[in-house]
Amino acid sequence: VIAAKPVPGFGGIAPAVDLIAADFMSIDRGDEYNAIRAIEYSMNQGANIINNSWSNFCSFSIRSAFEGWQNRNVIFVNAAGNDGLQ
């Protein structure tokens, strides 16, 4: 919706944006190793904003990866409470 090209009666708020699809999820779920690889791939492709819309507890691996990325000038939008329990 954000990047939708304008058509009569509808348009995204940022139609000129470039999107990077870095899917690491299988039919059941993804794993931390591939989540980190997908984020690294996106940053290496020049991503400025990365939406991490997946649920996971904050493991040591994920926490360490985000701490290592703090100087990369990237905005991370992370989901919280997707399982409905919080």
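The side chains of asparagine 52 and asparagine 78 are joined by a polar contact of 2.6 Å. A polar contact is a pair of N or O atoms within 3.5 Å; within protein, one must be able to donate a hydrogen and the other to accept it, and residues adjacent in sequence count only if both atoms are side-chain atoms. The model is predicted: local features need pLDDT of at least 70, side-chain atom pairs count only at pLDDT 80 or more, and totals for chains, interfaces and linings use all residues. Residues are numbered from 1 along each chain as its sequence is written, and side-chain values use heavy atoms, with hydrogens and water left out.

Residues up to four places away in sequence aside, asparagine 52 touches Ile39, Phe66, Phe76, Val77, Asn78 and Ala79 (contact means heavy atoms within 4.5 Å).

Ring pairs link Phe66, Trp69 and Phe76 into a cluster. Rings of Phe, Tyr and Trp (its six-membered ring) pair if their centres lie within 6.5 Å; planes under 30 degrees apart count as stacked, over 60 as edge-to-face and the rest as tilted. The structure holds three aromatic pairs. In one of them, the ring centres of phenylalanine 66 and tryptophan 69 lie 5.1 Å apart with the planes at 75 degrees, so this pair is edge-to-face. Tryptophan 69 and phenylalanine 76 form a stacked pair, with 5.8 Å from centre to centre and 25 degrees between the planes.

The table gives relative accessible areas (buried means under 20%, exposed over 50%, partly exposed in between; 1.4 Å probe, protein chains only).

| Residue | Relative accessible area and class |
|---|---|
| Asparagine 52 | 3%, buried |
| Phenylalanine 66 | 21%, partly exposed |
| Tryptophan 69 | 4%, buried |
| Phenylalanine 76 | 21%, partly exposed |
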